[in-house]
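Please look over the structure shown here before reading on. The report below then takes up a metal site, some aromatic rings and a helix in turn.

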Amino acid sequence: MTSKRGDLKKIIMDTKTLPTLPTVIQKLNSLSDNDKSSVQEMAKIVTSDQVISARILRLANSPSYGFYRVSTISNAMILLGVNVVKSLALSSSIFAIMEKDIVGLWEHSLGVGAAANLIARKLGLPECEEIATAGLLHDIGKVIISIKCSEAEKEILKLVRERRIYTMEAEMEIIDTDHAEVGGWLAKCWFLPDKLGEPIAFHHDVAASRNHRIKTAVVHIADVLICASGFSNSGESFVPPIQKIAWDTLKLNEQILAELVDEIEDKLVEVKNFSLEMMAD
Amino acid sequence: MQKIPLMLAKAGMILARDVFRGNSPIGMPLCGKGTELTDSLIVRFENMDVQTVHVEGHPVWEEGECSVDDLLRQLDSRFSKTLQEPLNVALYNIYKAYLTRCMGGDSDKQAR
Ligand SMILES: [Fe+2]
Ligand SMILES: [Fe+2]
């Protein structure tokens, strides 16, 4: 491990240097080892922080999930699962730090979350909510890089523009790692389960996903589709290649792909409205 | 096909999708796709809490909206690195057909 990569990993895995994690998360983390803690108990902890509760409910009602009106935290925990609610608490706190200068990435993430949900449903996969959440979080590494290494991030963006290369390639050159790996580290230090961590860490290298390849493949395809649609500016100008292993894992064909494009484009109208509303206040 | 707020719907537009009460696809549709909109139909939709409708072609142009040529050029640019990959070519063709269709291009059957 070269020093740049090692340094970055150290910074990221050291939770103290992360954007202040709400105490709620720490309490939840300590609870999750204790199987006896009930949904009600967890809901009580989350509800004690009103800002976080509001953010969670907002995301729970986003187009990434298919439920109408999730109005309470315990409802969200039952409908979406404890892991999803925990991830939403974390990601909304992280995204809140970034605020408006990453609108493009935020919209891209919402789009991939919604697309991942549609793909998972269409293919009849289990745990659609987890898959949607992995989609929502897949580029969280980019956010962390921009918080933790804003100088390097500028260089990365410059390289991407000047040499017309993928973000991954530029990241490799400048920080000797990439946002997918960084996202994977982050998932680990937040104690997110592997079914969320693997799709985040391997959405650009599906073959490397060992235990949750189907979920990883869905997030990969969702990312490619959102790039292809040109929805929002995530900083990526080129559609990545569709990985054959993802295509085969999901047993996709052109017919399904065409139907997905129609459904996703339809959904993106909602996603756009949702993000505009969120930015408005 | 274009999804528009009911406010912008006009008599003569053709429904591209079934319309449901309150926009939720449960129960019987109020009106089937292929129907030509009339003023009285639009009023009826208003009363039934319909907020958006899908219509054929691309009858409503917003300010700053790109032309179909612009959109296709941007699509070409996005795919410029991956058009030697068969799967990406398939996706490119699907998007090209989609854009042409929803911008009211030739593949769209129009009653005009
Ligand atoms: Fe990515
Ligand atoms: Fe992405």
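## The iron site

How are the donor residues of the iron ion (ligand 1) spaced in sequence? They follow the pattern D-x39-H-x23-H-H. This is a predicted model, in which local features need pLDDT of at least 70 and side-chain atom pairs count only at pLDDT 80 or more, while totals for chains, interfaces and linings use all residues. Residues are numbered from 1 along each chain as its sequence is written, chains are lettered from A and ligands numbered from 1 in the order in which they are written, and side-chain values use heavy atoms, with hydrogens and water left out.

The protein donors (N, O and S atoms within 2.8 Å of the metal, or 3.2 Å for Na, K and Ca) of the iron ion (ligand 1) are A:Asp139 through OD and A:His179, A:His203 and A:His204 through NE2, at 2.2 to 2.3 Å from the ion.

## Aromatic pairs

Over all chains the structure holds three aromatic pairs, that is, rings of Phe, Tyr and Trp (its six-membered ring) with centres within 6.5 Å. In one of them, A:Tyr166 and A:Phe238 have ring centres 6.4 Å apart and planes at 80 degrees, so the pair is edge-to-face, the term for planes over 60 degrees apart. Since A:Tyr166 lies in the loop between α10 (150-163) and α11 (167-175) of chain A, and A:Phe238 in the loop between α14 (213-229) and α15 (244-249), the pair ties together parts 72 residues apart in sequence.

B:Lys81 lies over the face of A:Tyr166, at 5.4 Å from the ring centre, and over the face of A:Phe238, at 5.2 Å; this requires NZ of Lys within 6 Å of the ring centre and within 35 degrees of the ring normal.

## Helix α3 of chain B

Helix α3 (residues 86-102) of chain B has 17 residues and reaches 24 Å from its first C-alpha to its last, close to the 24 Å expected at 1.5 Å a residue. B:Tyr95 and B:Tyr98, three residues apart in this helix, are separated by about one helical turn. B:Tyr95 is buried at 2% relative accessibility, and B:Tyr98 is buried at 13%.

Definitions and conventions
Helices (H or I, at least four residues) and strands (E, at least two) are DSSP runs, numbered from the N terminus. The expected span of a helix is 1.5 Å times one less than its number of residues. Rings of Phe, Tyr and Trp (its six-membered ring) pair if their centres lie within 6.5 Å; planes under 30 degrees apart count as stacked, over 60 as edge-to-face and the rest as tilted. Buried means under 20% relative accessible area, exposed over 50%, partly exposed in between (1.4 Å probe, protein chains only).
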